Amino acid sequence: MKNFEYTMEKEIFEQPQVIENLLNEYISKDGKILFDIPDKAQKICFVASGSSYHCGVIAAEMMKTSLDLDAEAFYSGEFYMSDKANWDKRLFVFISQSGETSDTLSVMKRVLEKTDNTLCISNTENSTMWNLAKYKIHTMAGKEESIASTKALSAQLFCVMLLILGVRQKQGENISREIENLKTLPAFLREELNSHEYVKQIAKNLVEYDSIEILGSRIFYGLAKEGALKIKETSYINTTAYPSGEFMHGHVAILNRKSAVIILVDEINHGICINNIKKIKQSYTPYLVTVADKNAPDYFSELSNNHVKINTNNELQAIYGMLIFLQLTAFECAKLLGRNIDKPIGLSKVVRN
């Protein structure tokens, strides 16, 4: 086992084993999902804070596309729902590493006054949220000590994917191909982690800039938000996420300052990304990094200062490959800047076994 100087780096490299543990715990030998699947709801409401909220953003997009369900993610501190809403027709999913996040727990208690249709996704069994929820999924990430969440988020996201497949299975669908796809993830992540030297060079360039903008569409916008949070909380660099298409409507003016841009490219918006990059390069001169799966045209390499190719044409692997890239980028930037990586100034975290 590699010796790690920083807890954050160690926890990034633990992610393949975390996913492997979840596969062994929650998928039977005959391909059945082994946790209680909630009854069908008309709308799914994800409630969380920080990285857990970004899991909710990604999960809501997945619910819409995979299950054709109305789904929305709420920041715990911004949650509002009218008393006239049909609470019993909704499933409220609370995501928290500790199960004790104060504002998320506060929302959960308010929701329970209206309905018990609640699900807790947590790294901590027997936490307050865990004990209050009707349905529960343990993320089994092990103790996460670094302030910046990495392996806990990966586990949350994987549990959401299992939940979606569980719903489809409960509806009578054959999900065997999707299950086999999930089983490829640990090996893929190990390969990605063992070939990350290029991240160090990208980080050397990024730390020279006053601000970093990260762009992504749909599911990849949730990843962009997570990447921005990771870089902000570890490096203190002003980093902001934008939907790729929306960025060109006024927000692009931020590039009049010395800026870097990271674009997360998904297969659906190759053309949009290329057009946006051309406009950005024509009007501004940011340091530009593109991150895409191997189906992306070679043209991205010509347009960007650095093009990161995730070695897959599979969306699941692309999501995790980009997540790993963003986590490592945040870590390497913080290291170069001499930050207190595991305990950023002014931040704290509830850590429980």
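Predicted model: local features only at pLDDT ≥ 70, side-chain atom pairs only at ≥ 80, totals over all residues.
How many bridges link strand β4 (residues 118-122) to β5, and in which sense do the two pair? They pair in the parallel sense, over four bridges. Residues are numbered from 1 along each chain as its sequence is written, and side-chain values use heavy atoms, with hydrogens and water left out.

Let's begin with the whole chain. The protein chain has 14 helices and ten strands; helices (H or I, at least four residues) and strands (E, at least two) are DSSP runs, numbered from the N terminus. Along its principal axes, the C-alpha trace spans about 55 × 45 × 40 Å. A compact globule of 353 residues would have a radius of gyration near 20 Å, and the 20 Å of this chain agrees with that. Here the radius is taken over C-alpha atoms, and the globule rule is 2.2 Å times the number of residues to the power 0.38.

Back to the sheet with β4 and β5. It is an open sheet of five strands in the order β2-β1-β3-β4-β5, with parallel pairing; two strands pair if DSSP finds at least two bridges between them. β2 (70-75) and β5 (135-138) are at the edges with a single partner strand each, so one side of each has no neighbour in the sheet. Neighbouring strands are turned by 20° against each other on average, direction ignored. For a landmark, find Ile-121, whose bridge partner in β5 is Ile-137.

α3 packs on it, touching β1 (43-48), β2 and β3 (90-96), and its direction makes about 170° with that of β2. α6 lies across β3, β4 and β5, running at about 140° to β4. Contact means heavy atoms within 4.5 Å; axes are lines fitted to C-alpha atoms, for helices over the stretch in contact, and angles run from 0 to 180 degrees between N-to-C directions.

Strand β9 (residues 287-293) runs parallel to β10, joined by five bridges, and Val-289 stands opposite Asn-306 in β10.

On a 1 Å grid over the protein atoms alone, a cavity is a set of points where a 1.4 Å probe fits but cannot get out, and a pocket is an open set with protein on both sides within 12 Å along at least five of seven lines; lining residues have an atom within 4 Å of a point. Grid points are joined across faces, edges and corners, and a volume is the space filled by probe spheres set on the points.

The count comes to one cavity of 30 Å³ or more, and the largest cavity holds about 30 Å³. Its lining consists of His-54, Cys-55, Ile-58, Leu-153, Leu-157, Leu-223, Glu-226 and Leu-323. Here α3 gives the most, with three residues.

The second largest pocket has a volume of about 310 Å³. Of its 16 lining residues, Met-62, Ser-66, Met-161, Glu-315 and Leu-316 lie nearest its centre. α6 gives the most to this lining, with four residues.
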